[in-house]
Amino acid sequence: MRSPNPRQARAEGGLRHLARESDMGVVSCPPAGLQGSPPGHNALPMSTHAAPAPHDHDRLLIIDFGSQVTQLIARRLRELKVYCEIHPYQKVTDAFLDDFAPKAVIFSGGPDSVTRDGSPRPPASVYARGLPILGICYGQQVMMQDLGGKVEAGEHATAEFGRAYVTPAGESADFLKGWFNDGGREQVWMSHGDHVSEIAPGFAVYGTSPGAPFAITADLARRFFAVQFHPEVHHTPNGAKLYENFVKMAGFKGDWTMGAYREEAIARIREQVGDARVICGLSGGVDSSVAAVLIHEAIGDQLTCVFVDHGLLRQDEAEQVVTMFRDHYNMPLIHAEESERFLSALEGVSDPEVKRKTIGKLFIDVFQHYADGIDGAAFLAQGTLYPDVIESVSFSGGPSVTIKSHHNVGGLPEKMGLKLVEPLRELFKDEVRALGRELGLPDSFIGRHPFPGPGLAIRCPGEITREKLDILRKADAVFIDQIRRHGLYDEIWQAFVAILPVKTVGVMGDGRTYDFACALRAVTSVDGMTADYYPFSHDFLGETATRIINEVKGINRVTYDITSKPPGTIEWE
């Protein structure tokens, strides 16, 4: 899928995961290069694969060739209750396939060209195992090239980027059930420069597009299927149906449920921990909270949670977290009130990366101080999710571009001597929420919008001051209250206020004001990889601006951020 011109870069950029903004994590936000780590590396590296699922689940293997949207394939399959894992193509050897024992295989897209010597390929034996295989975009081209077809390097006339329309060709087939109803066409998302010029022996054509005469091909006898487009993205509206048809034909039972996962995870935690003590960095975010409740259900008072209050939380958040976990769940909990330490260290700091790294280092120092006081602690619990694991290493093993520092795969310094317990390591965000409901956490908590690791520090561009943080908390509380009053909270992926590093002239009553301006931010998203601004009515925005200005001393101007992601990120810093 080589990019012959800038058009492909723009097309892929429209889907690219530029930065993942996740729930605030106490333990898992160390900066790069701290505590003796080599510069640019996290202190405690993780492996690049999830712990295997129990063998009584059917498994689907996704071989990753470097597509920016490979994660979406896994999400679509998990939505169908199919357990799957993503692994980079270099790791998928004959021995790996024997051990993993997949019931079916999917080849992802990728940026390379199969016409290039040394381009990424799966092991040749994968085709001889009698497994159903689905090739997507570059994956289709790999399949055709490997099995005797031909792929030609991209030319302008045969390249397709963005929306395209596929029309049926030849006879219908079960794997296209629900497509081409009444002989119509299907909208798809294309992003390819190279193209298949000759299909492999045994394959037939089932769909075509203006730039891809072999847009849908299949060898029904061997259960090999291949498409030139990306059915995993939402720009292919009926794409999920293709995955559903594929897993049905492959014989998957659809037994990947959170109820089953809960019991399996509890058993694995007990087996891993034994009689040892576990400490958990509890942030109050969904990930760490679900991890804490799950581990507590498994081992009870062997778990101690440490909640670090760094002074960068939302209004009344510390009290809510402590009350829920200490009183409602009766968990051993250390409330570390450390706001003075954090805010003093951030005084005068305006660079967003320095903010993140300063907060990360202090989290490590503070957490280690309290962890040292827990006798017999042998394990550290983290709310690491499967996207964190996937993103920790690119498909080629090389570093990805750093848009901003993240806390998703870091840990504590090795000198602590703790082993990791990561019970959510196989799950996506929506699965974590489903698990939280299985565990009895209230929907009002499970459905909370994501909150960043550095807290309000990155919603306060420029220098952080206590005055600005107090103003920001109040304004944010009004905005969220407005969203809830209007019944919009669950329609929005994330919403918050950013206080801007400028003051503006205003008039209140007969007096002049010179106060801060703020920006409202609310986005819709399926997975946080891309996002659009929420289309509030002007009446809502006017009402909200009036409330903020009247109720929050220190703000006299309200704006609304209508930037999508990309080009922006969801958070401001």
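**A pocket and a parallel sheet**

The second largest pocket has a volume of about 520 Å³, a pocket being an open set of points on a 1 Å grid over the protein atoms alone, with protein on both sides within 12 Å along at least five of seven lines, and a volume being the space filled by probe spheres set on the points, which are joined across faces, edges and corners. The model is predicted, so that local features need pLDDT of at least 70 and side-chain atom pairs count only at pLDDT 80 or more, whereas totals for chains, interfaces and linings use all residues. Residues are numbered from 1 along each chain as its sequence is written, and side-chain values use heavy atoms, without hydrogens and water.

The pocket is lined by 19 residues, of which R314, Q320, R448, I480 and R484 lie nearest its centre; lining residues have an atom within 4 Å of a point. Two or more lining residues come from each of α8 (317-328), α13 (443-446) and α14 (466-485), helices being DSSP runs of H or I with at least four residues and strands runs of E with at least two. The largest contribution, 6 residues, is that of α14.

An open sheet with parallel pairing is formed by 5 strands in the order β14-β13-β12-β15-β16, where pairing requires at least two DSSP bridges between two strands. Its edge strands are β14 (333-337) and β16 (419-421). Strand β15 (residues 377-381) is joined to β16 by 3 bridges, and the bridge partner of F379 in β16 is K419. Helix α8 packs on the sheet, touching β13 (303-309) and β14, with contact meaning heavy atoms within 4.5 Å.

Key:
1 Å grid on protein atoms, 1.4 Å probe; cavity = no way out; pocket = protein on both sides within 12 Å on 5 of 7 lines; lining within 4 Å. Axes fitted to C-alpha atoms, helices over the stretch in contact; angles between N-to-C directions.
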